[in-house]
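Please look over the sequence and the structure shown here before reading on.

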Amino acid sequence: MKASSAAAFVVNASRRSCPSHIRGYSSLPRPYRFHVGASWAGKPHDPRGPRVKSNPFPADSPIGQWRDLMLSRPNAPAGNHIGEDFFYIQDMREKSGISLGVADGVGGWTESGVDPSLFSQALMYHAQRYSKAAWPGEPEVDPTQEYEEREQVEGWELTPLECLESAYGGVLRERNVLAGSSTACVMTLNASNGALRAANLGDSGFLVIRASTVVYQQQSQTHFFNCPKQLSKLPTSQKRFSRVCIDNPSDADLCEMKLRHGDIVIAYTDGLSDNVFPAEMVAICSLVARQFQVAKHTVTGGQESQEVSEDREAQAMAERIVDYARMCMFNRKRISPFERAAAREGMYFRGGKVDDVTVLVTIVQEAI
């Protein structure tokens with residue numbers, strides 16, 4: 001089941017209408033605008049798995065309020081059930097760009113009675129908290145102002161690596177997170193020059209589609225097969241915890257590239273990359289884009305603005321990709337990327353890999 005199957009899937013799925021009240025994250029009035037759609041789906045509960053006594057962040061706590069706000073976004077596939085994944089989307093200072101990221105809590109902690117979702121939620125919360133007041137590049141100043149006025153520009157430049165380091169420090173200080181681990185992919189998109197900068201640790205990642213071709217895909221970081229690099233916090237009650245991999249934010253792979261008009265950036269957790277091939281992601285995005293182009297030419301009267309349309313298009317792409325990933329992960333007759341990776345290691349695995357999946361789709365627009 002490759003690109004042709006993905007195409008058939010999108011044609012059938014397109015009959016479901018996309019909500020009209022999508023919250024768009026569009027940066028104005030700089031040359032670049034970024035339209036972001038988010039979708040997610042937690043894996044079904046396994047009754048045979050270990051029981052975890054979870055103490056989620058209270059709904060009235062800062063993290064709890066922010067978590068519920070993020071999960072209140074329209075999401076057709078699975079409502080607010082996100083599992084051990086989490087994400088964030090944040091406008092940066094003065095709408096100079098956006099910062100976004102995904103994190104995948106390491107499920108192995110459940111065997112020790114630890115809820116992995118708390119680590120990934122706290123990591124993403126602190127990442128957006130630090131991003132909110134920062135610039136994606138050098139702070140912007142008006143060259144016509146006096147020197148003293150330019151010196152008073154607030155904020156600072158925050159790279160994805162610095163964001164990841166600061167967020168990790170926040171998790172280590174978080175009392176409600178007793179232990180856990182997570183992979184992470186954090187990126188900033190600059191609305192002034194179209195620069196994408198990213199820091200990726202583990203097997204979450206992103207890819208960039210340009211003219212129906214994948215021009216860049218972040219490679220996974222692993223210690224060994226199915227053991228990704230990860231940020232960790234050990235329980236203070238146990239001095240030795242030999243099964244945990246402890247990596248540092250400085251171990252993250254860094255990327256910087258220039259985006260162009262029409263580029264599509266897909267950030268994801270491994271629930272997507274283990275089940276869906278890049279060519280299938282391209283096919284889904286291409287078909288959704290084509291459907292929206294047809295709709296723009298056929299709708300008469302009461303036409304929505306182009307900005308709202310792009311927001312809806314990004315959201316539709318994210319939802320279709322997650323829908324397709326969920327279908328693939330339960331298919332035992334289909335060769336999956338995870339099956340191929342296992343075969344390269346001399347291991348036998350059949351079909352898709354059931355997991356949480358989170359996808360952020362960003363459509364890039366450049367004012368011409």
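**Strand pairing and the open sheet**

In β7, T213 is the bridge partner of R210. This is a predicted model, in which local features need pLDDT of at least 70 and side-chain atom pairs count only at pLDDT 80 or more, while totals for chains, interfaces and linings use all residues. Residues are numbered from 1 along each chain as its sequence is written, and side-chain values use heavy atoms, with hydrogens and water left out.

- Strand β6 (residues 205-210) pairs with β7 in the antiparallel sense over four bridges, where two strands pair if DSSP finds at least two bridges between them.
- An open sheet of five strands has antiparallel pairing and the order β1-β13-β12-β6-β7.
- The edge strands of this sheet are β1 (32-41) and β7 (213-217), each of which pairs on one side only.
- On average, neighbouring strands of this sheet are turned by 20° against each other, direction ignored.
- β1 and strand β13 (residues 357-366) run antiparallel and are joined by ten bridges, and H35 stands opposite I363 in β13.
- Strands of a sheet pair through backbone hydrogen bonds, either parallel or antiparallel.

**Helices**

- The protein has nine helices and 13 strands, which are DSSP runs numbered from the N terminus (helices H or I, at least four residues; strands E, at least two).
- Helix α7 (residues 278-298) has 21 residues and reaches 31 Å from its first C-alpha to its last, close to the 30 Å expected at 1.5 Å a residue, the expected span being 1.5 Å times one less than the number of residues.
- Helix α2 (residues 62-71) packs against helix α3 (residues 117-132) at an angle of about 90°, with their axes 10 Å apart; the axes are lines fitted to C-alpha atoms over the stretch in contact, and angles run from 0 to 180 degrees between N-to-C directions.
- α2 and α3 are therefore roughly perpendicular to each other, a term that covers angles of 65 to 115 degrees.
- P62, I63, W66 and R67 in α2 meet Q121, A122, M124, Y125, H126 and Q128 in α3, where contact means heavy atoms within 4.5 Å.

**Burial and contacts**

- Of the 368 residues of the protein, 54% count as buried, meaning under 20% relative accessible area (1.4 Å probe, protein chains only).
- β1 is mostly covered, with nine of its ten residues buried.
- In α7, the buried residues include E280, M281, V282 and F292.
- Among the contacts in the protein with a separation of 6 or more, 76% are accounted for by residues 24 or more positions apart.

Conventions. Buried < 20%, exposed > 50% of the residue type's maximum accessible area, 1.4 Å probe, protein only. Parallel < 35°, antiparallel > 145°, perpendicular 65-115°, else oblique.
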